[in-house]
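Trainee: I am new to this structure. Please take me through one part of it closely, the sheet and the places around it.

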Amino acid sequence: MMNPVSGAEILVNGVAALCDPLGALYLPADECLVVSDLHLEKGAAFARRGMMLPPYDTLATLNLLSAVIARYDPKIVISLGDNFHDRRGSQLMPEEFRAMIRTLASGREIIWINGNHDPDGVFDLPGRSADELVLSGLVFRHEPSLISGRGEVAGHLHPSATVSRRGRYVRRACFATDGQRLVMPAFGVLSGGLDLRHKAMHGLFDRSALTAHLLGRDRIYSVRFSGLIG
């Protein structure tokens, strides 16, 4: 039995959503689960370049995905790009992991948004690939757009934030939103994070309304931007 969790209820462009401590977003009205930046087969991609990492990242990430799908039993699952760490990962992924994904996809609609690491879509997996998707007043894409952020749910930047807690600094991956746009945390277990104060984040949010929803072990910690450590 999974431990009870406490998510954060938010609104993105007026659409109700729940931030889950595992790093997934749930949209109850559409029974839709959103994850971002799985970076499957990252260890294998590094190995092909002669850089050896422990080869367990794909299994660990898929186990987390299985857990969060079991929690919500969604009808739709959207993965917001960089589903694989490179263009070859989808084709070279071992059959045991393909079988896991087929099991997770059974009875659901799976949408793979194309990312900068995997712009060609996925190979021999259930679901469909797209550059972006519009659903119930939200637009789902991999990279945030500077043209208009209203209703956008994106990934790519792997946001993280630092807070002071009990006399020490704690850094965590986070959901970042000002109520108009949401940038998702990376779901892949080997994915790093980029601080919300990094220059790559400039111009994406109204900082007076920006909140970081930090991932904890079994709950979300919501902290206004002004309360973060720079």
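This is a predicted model: local features need pLDDT of at least 70, side-chain atom pairs count only at pLDDT 80 or more; totals for chains, interfaces and linings use all residues.

Mentor: First, a term: helices (H or I, at least four residues) and strands (E, at least two) are DSSP runs, numbered from the N terminus. Residues are numbered from 1 along each chain as its sequence is written, and side-chain values use heavy atoms, with hydrogens and water left out.

Now the sheet. Seven strands make up an open sheet, in the order β1-β2-β3-β4-β5-β6-β7. Its pairing is mixed. Two strands pair if DSSP finds at least two bridges between them. Strands of a sheet pair through backbone hydrogen bonds, either parallel or antiparallel. At the edges stand β1 (8-12) and β7 (128-130). Each has a single partner strand, so one side of each is left without a neighbour in the sheet. On average, neighbouring strands of this sheet are turned by 25° against each other, direction ignored. Axes here are lines fitted to C-alpha atoms, for helices over the stretch in contact, and angles run from 0 to 180 degrees between N-to-C directions.

Look at β4 next. Four bridges join β4 to β5 (residues 76-79), and the two run parallel. Val 34 stands opposite Ile 78 in β5. Helix α2 packs on the sheet, touching β2 (15-19), β3 (25-27), β4 and β5. Its direction makes about 160° with that of β4. Contact means heavy atoms within 4.5 Å.

Asp 57 belongs to this helix, α2 (residues 57-72). Asp 57 is buried, with a relative accessible area of 7%. Buried means under 20% relative accessible area, exposed over 50%, partly exposed in between (1.4 Å probe, protein chains only). Asp 57 and Leu 40 are 17 residues apart in sequence, and 7.2 Å apart in space, C-alpha to C-alpha.

His 39 lies in the loop between β4 (32-35) and α1 (42-48). His 39 is buried, with a relative accessible area of 6%. Its phi is positive, about 50°, although His 39 is not a glycine.

Back to His 158. Its phi is near 50°, a positive value in a residue other than glycine. His 158 is buried, with a relative accessible area of 13%.
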